[in-house]
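Subject: Handover of a structure, with findings

Dear colleague,

Please find the structure below, handed over for your own work.

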Amino acid sequence: MSALLEIKNLSISFFTPKGEIQAVRDVSFSLQPGEVLAVVGESGCGKSVMCKGIMRLLCSSAKIKTGSIFVNGVDITSYKERDMHKLRGKLFSMIFQDPMTSLNPAMTIGSQIAEAVKVHQPKISKKDLDQRVIELMTLVGIDHPKERKKLYPYHFSGGMRQRSVMAIALAGNPQILFADEPTTSLDVTIQAQILDLLRKIQKTLGTAAVFVTHDLGVAAKAADRIAVMYAGKIVEIGTTEEIFYGPRHPYTWGLMQALPAFSKGRDELRTIPGMPPNLISPPKGDAFACRNEYALAIDYEQAPPMFPITDTHYAATWLLDERAPKINVPVIRLPDAPASPKAEETMKSKAAKGTKEVLLDVQHLCHTFPISKKSSIKAVDDVSFQICQGEIFGLVGESGSGKSTIARCIMNIYSPQSGRILYKGIDTCDKKAFRENKKMLQRERALIFQDSASSLNGRMKVGDIIAEPMKIQHITPPRGTYRKEAEFQMHYVGLDKDYLEQYPTELSGGQRQRVAIARALSMEPKLLVADEPVASLDVSIQAQIINLFKHLQKEHGFSFLFISHDLAMVEFLCDRVGVMYHGKLVEEAPVKELFENPQHPYTKALLSAIPIPDPQKERRTVY
Amino acid sequence: MTKQNLPLYLVKKIFVFLFSVFLLSVVVFYISRLAPGDPLVSYYGDRVEKMSSAERIQAENKLGLNDPVYVQYVRWLGNALHGDFGISYKYKMNVTEVIKGRIGNTLLLGGTGFLLIFLLALFLGILCAWKEDKLVDQIICKIGTISSCIPEFWLSLVLILIFAVNLKWLPSSGAYAIGKANDIGERILHLILPLTIVVTSHLWYYAYMIRNKLLEEVRADYVLLAKSKGLKKSSVMYKHCLRNILPSYFGLMAISVPHILGGTYIVETVFSYPGIGTLSYESARYKDYNLVMLLCILSGVLVILCNMIAQAINEKIDPRVKSGDSDI
């Protein structure tokens with residue numbers, strides 16, 4: 001069987017005023033017809049640049065430096081734009097990460113799909129075109145296509161939009177489908193649906209697919225083969241089973257260990273220390289060496305070649321060289337047994353601690369958003385829960401289930417229509433009581449947002465951002481000056497003090513979230529509310545931040561409301577969990593109980609939708 | 001906005017419109033009387049200097065200038081509501097007649113200027129966006145920056161100096177040579193220089209705006225999807241990007257009508273072009289109250305109308321606003 005797509009020594013660079021960014025370096029792989037290849041790695045490792053580069057969708061500053069791309073044996077590397085646009089849609093097409101922005105907001109869904117059909121069949125009759133659009137919408141599982149095709153993207157939910165994008169991508173019957181993090185911005189349950197659908201369509205149409213993802217669970221579910229990318233290079237490639245059951249590259253080990261599922265019963269999530277390197281001047285030798293606890297001297301000198309392990313499994317690490325010292329390969333297996341007794345003990349001690357005193361008491365909270373004069377949405381519907389002193393309470397549910405609205409009500413950003421929120425016995429929704437205790441309330445409650453890029457003022461230096469709450473509250477910094485205080489907080493959340501003078505845009509997502517945490521902690525709050533604080537971060541960075549939270553909570557002893565849609569994180573971090581569904585709190589239980597014995601059907605659905613990073617289990621659950 | 005409450009919408013808009021015009025007339029009426037100067041000069045010319053104080057009072061009484069301002073205003077408003085806007089002190093004619101004779105010229109200059117700006121800006125904007133950061137784009141942007149910095153009146157004088165005085169290719173002033181009022185060629189010849197000034201002083205701003213808006217769209221995620229469908233660059237540009245920015249461009253152009261009109265006023269004055277602009281300038285200078293009033297109200301009506309049109313367009317742009325629901 002000849003390869004459908006063959007990439008040979010592909011290097012792609014961005015030429016920017018700061019210098020050449022070598023986003024993809026010397027990548028080779030091939031794709032057979034009907035095969036699914038998952039490309040995994042942290043963000044900034046060149047995964048999506050590679051896919052967009054193959055489809056030639058990158059901006060003009062990106063150039064293919066070396067290498068060649070063969071499609072069905074034809075070299076398309078030197079194709080110009082006018083040749084490429086004929087291939088797009090027909091030979092390969094793409095699904096993008098964010099369905100919210102990848103559809104034209106001013107065109108109906110139907111006309112956008114019709115356009116994709118028409119590109120390849122310009123002479124299609126109106127009737128056939130309509131027929132085909134409806135057929136495509138049915139294929140991707142959109143009910144009532146006849147009525148729905150007249151709607152605009154804003155009428156659709158995220159999952160429906162992603163289905164529409166899939167319909168567009170499939171319109172030209174492409175041979176290869178590139179999917180760039182197709183489920184990352186979707187909820188767990190929707191993610192599972194979309195993944196199943198993709199897999200089903202891919203099987204029925206025989207389309208080959210390249211799946212870019214940072215979620216190994218997704219890769220386990222969808223892929224035949226997996227390529228692990230780091231710093232623009234493929235460091236390990238093999239079949240899904242080979243990668244999951246016999247990973248050979250230290251980076252793959254790190255990625256897998258960072259998954260919360262592998263840390264069950266541990267005190268801390270495993271993380272990969274550090275960050276991916278700057279690709280303007282990639283380090284000499286193996287780019288992963290400085291984060292690699294198994295690094296050998298030669299790793300700093302010379303980049304390792306691809307060592308074959310089996311016919312299908314290759315890895316680029318000097319550890320596989322015959323001269324390399326033998327090391328103990330870490331055992332990476334999903335813990336089947338329940339959490340170790342030690343962990344159980346800590347849980348119990350926490351629970352015992354939690355019985356102390358109720359800090360926050362939410363009683364029958366209701367909040368509605370008016371849509372028009374006549375109708376409104378009940379975002380939060382009669383929700384009651386309590387958070388004790390020093391307790392970590394997790395709130396999970398899909399987007400739109402009212403989690404953030406609760407957080408905002410608690411922080412007095414929204415004033416709820418009915419219900420009471422008692423903080424230390426003070427009704428914060430009561431205007432008079434709030435005014436009397438305003439200072440204290442503002443000081444003792446802190447909020448961390450999901451998107452650190454927009455929640456930090458881009459025109460303020462990091463040092464000023466951290467010190468600002470203290471300045472506003474006229475607090476004399478306990479460590480002398482504001483600057484010293486900021487320095488201390490930075491150190492506390494694990495950032496270098498050099499960053500004090502930088503602007504948030506100069507930091508990475510994980511660093512920015514650390515700044516946001518430092519800002520929230522500078523007031524030494526009693527209650528910390530974090531609204532999806534890790535949702536926009538990479539797996540390994542997520543693990544770092546979660547560890548940080550756990551560590552800080554232990555030290556400060558603040559109560560913590562942790563809002564997330566990632567159940568694995570919640571399971572790891574929280575003492576008690578509440579499950580939200582359509583504005584209602586449908587289940588509330590200690591974390592262990594909830595995960596072992598979920599009561600509500602929605603909780604069960606939510607738990608079963610988590611992609612498990614184990615190909616055999618994952619396949620068993622689906623097929 | 002749904003169709004059922006369209007009448008209500010219109011009634012609301014008309015009320016706002018009338019109220020704005022009323023307010024405008026009050027303000028202009030008072031302000032024009034606050035300014036220093038002698039309205040009698042425009043009526044009697046140099047004779048005013050030789051008048052005795054008794055004669056002056058008589059003349060002022062005749063024109064109704066001795067009454068308190070609010071009495072004058074009420075009288076003016078009463079007449080205006082009957083369609084009588086008074087006579088021009090300078091021309092001794094009904095002001096509507098005076099304006100009728102001039103307004104055609106201004107509409108010709110402003111209208112063609114507006115159309116040219118509208119189309120050229122679209123063309124240049126698309127060209128620049130298409131050739132982003134290439135030489136053409138850079139040159140056009142540089143020219144735009146430079147010519148936006150040059151004041152209109154100075155550029156007018158330089159162009160007059162070059163093309164009218166030295167080269168003698170084009171006439172330096174007026175709308176037509178004496179006795180050739182109906183000669184179209186003659187009119188066009190007289191229009192070239194003022195039109196050039198009007199267009200060059202406004203064009204770049206709009207072209208630049210189109211360029212930037214287009215580039216913003218080109219970088220939007222949906223363009224990637226459109227491209228990955230297999231659409232050509234031109235289809236993506238016209239069917240997606242341009243289509244999405246056009247409504248807001250129309251809205252902007254509607255607001256900018258008065259802006260461009262203001263530009264023609266200056267140009268008219270410099271080129272002694274017999275339009276509304278020179279008329280406004282003269283009437284303000286000579287305290288020709290009735291003429292000032294009507295001219296200001298005409299301009300004001302245009303400004304308010306254009307703003308309302310722009311607002312209506314903007315309300316229509318977003319399909320969400322049109323269908324009257326939104327999902328939070």
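Helices (H or I, at least four residues) and strands (E, at least two) are taken as DSSP runs and are numbered from the N terminus. The model is a predicted one: local features need pLDDT of at least 70 and side-chain atom pairs count only at pLDDT 80 or more, while totals for chains, interfaces and linings use all residues. Residues are numbered from 1 along each chain as its sequence is written, chains are lettered from A and ligands numbered from 1 in the order in which they are written, and side-chain values use heavy atoms, with hydrogens and water left out.

I begin with a glutamine in a helix. A:Q162 is found in helix 6 (residues 158–170) of chain A. With a relative accessible area of 0%, A:Q162 is buried; the term means under 20% relative accessible area, with exposed meaning over 50% and partly exposed in between (1.4 Å probe, protein chains only). Leaving aside neighbours within four places in sequence, A:Q162 is in contact (heavy atoms within 4.5 Å) with A:I95, A:F96, A:Q97, A:P99, A:P182, A:L186 and A:I194. The side chain of A:Q162 also reaches the backbone oxygen of A:P182 at 2.7 Å. Between A:Q162 and A:D180 there are 18 residues of separation in sequence and 12 Å in space, C-alpha to C-alpha.

A:E391 is located in the loop between strand 14 (376–388) and strand 15 (392–396) of chain A. The side chain of A:E391 makes a polar contact with that of A:R576 at 2.6 Å. A polar contact is a pair of N or O atoms within 3.5 Å; within protein, one must be able to donate a hydrogen and the other to accept it, and residues adjacent in sequence count only if both atoms are side-chain atoms. Besides A:R576, the contacts of A:E391 beyond four places in sequence include A:Q386, A:Q553, A:F558 and D575 of chain A.

Turning to the sheets, four strands of chain A form an open sheet in the order 2-1-4-5, with antiparallel pairing. Strands count as paired if DSSP finds at least two bridges between them. Strand 2 (19–31) and strand 5 (74–75) of chain A stand at the edges with a single partner strand each, so one side of each is left without a neighbour in the sheet. Strand 1 (residues 5–16) of chain A pairs with strand 2 of chain A over nine bridges, in the antiparallel sense, and A:T16 stands opposite A:G19. Helix 1 (residues 47–55) of chain A packs on the sheet and touches strand 1, strand 2 and strand 4 (62–71) of chain A; its direction makes about 105° with that of strand 1. That angle is between N-to-C directions and runs from 0 to 180 degrees, the axes being lines fitted to C-alpha atoms, for helices over the stretch in contact.

Strand 9 (residues 225–230) of chain A pairs with strand 10 of chain A in the antiparallel sense over six bridges. The two form a hairpin with two residues between them, and A:A231 in the turn has a positive phi of about 50°. Strand 10 of chain A also pairs in the antiparallel sense with strand 12 (residues 314–315) of chain A, over two bridges. A:E236 stands opposite A:V228 and opposite A:A315 in strand 12 of chain A.

The largest nonpolar core has 153 residues, and A:L5, A:F29 and A:I54 are among those with the most contacts inside it. Such a core is a set of buried Ala, Val, Leu, Ile, Met, Phe, Trp, Tyr and Cys residues joined through side-chain atoms within 4.5 Å. Helix 19 (residues 539–556) of chain A gives the most to this core, with eight residues. Another core, of 45 residues, lies apart from it and includes B:I140 and B:L195.

Finally, there are zero disulfides over all chains, a disulfide being a pair of cysteine sulfur atoms within 2.5 Å. The sulfur of A:C51 is 13 Å from the closest cysteine sulfur, that of A:C45, which is too far for a bond.

With kind regards
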